[in-house]
Amino acid sequence: MSLMYLITWNARYATGIEEIDEHHRHLVELLNTVYDHFVNRTPCWDGAKIFAELTAYTRLHFAAEESLMRAGGYPGYALHKIRHKQFAARLEEMRDTFCSGQREMSFELLTFLNTWLLSHILDADADMGRFVMANGHRKAA
């Protein structure tokens with residue numbers, strides 16, 4: 001059975017910063033994994049593993065973005081960092097709920113990831129990408 005996709009990566013999600021775009025592609029893959037489990041009602045999907053990977057990968061990604069923004073003097077850095085912290089806190093809440101035995105988190109997680117990821121990439125990250133590209137800082141410090 002092939003993976004069911006909620007989002008197919010396309011050029012409109014690209015920031016123009018290769019490292020950030022690779023991170024976003026991977027996050028979209030993780031979202032699609034959650035979607036696939038939800039649609040196919042996978043009986044024994046390892047939600048704890050998905051939460052662990054999402055948590056670890058978003059930490060890596062946010063650190064890279066924040067380093068890039070600091071290095072480039074991005075004026076929206078403080079707000080962007082707050083958005084990252086809010087995402088991480090909500091993901092942690094959802095993980096704790098899931099791990100406490102409420103295993104029916106897939107729809108809530110799916111909705112949260114889809115809404116947050118797409119709006120963040122298309123709004124905040126696109127703005128950051130335009131600034132960074134215009135100012136020549138394409139690598140995290």
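The model is predicted: local features need pLDDT of at least 70, side-chain atom pairs count only at pLDDT 80 or more, and totals for chains, interfaces and linings use all residues. Residues are numbered from 1 along each chain as its sequence is written, and side-chain values use heavy atoms, with hydrogens and water left out.

The protein contains four helices and zero strands. The order from the N terminus is α-α-α-α. Elements are DSSP runs numbered from the N terminus, with helices being H or I of at least four residues and strands E of at least two. Of the 141 residues, 42% count as buried. Buried denotes under 20% relative accessible area, exposed over 50%, and partly exposed in between (1.4 Å probe, protein chains only). Among contacts with a separation of 6 or more, 77% join residues 24 or more positions apart. A contact requires heavy atoms within 4.5 Å.

Helix α2 covers residues 47-72. Its 26 residues should span 38 Å at 1.5 Å a residue, and the end C-alpha atoms are 37 Å apart, which agrees. The expected span is 1.5 Å times one less than the number of residues.

Glu 65 lies in α2. This residue counts as buried because its relative accessibility is 0%. Beyond residues up to four places away in sequence, Glu 65 touches Ile 20, His 24, His 80, His 84, His 120, Asp 125 and Met 128.

A pocket is an open set of points on a 1 Å grid where a 1.4 Å probe fits, with protein on both sides within 12 Å along at least five of seven lines; lining residues have an atom within 4 Å of a point. Helices α2 and α3 (77-99) each supply at least two lining residues. The most come from α3, with seven. The lining includes Thr 55, Arg 59, Phe 62, His 84 and Arg 95. By class, three lining residues are nonpolar, three polar and six charged.

Notes:
Ala, Val, Leu, Ile, Met, Phe, Trp, Tyr, Cys and Pro count as nonpolar, Asp, Glu, Lys and Arg as charged, and the others, Gly among them, as polar.
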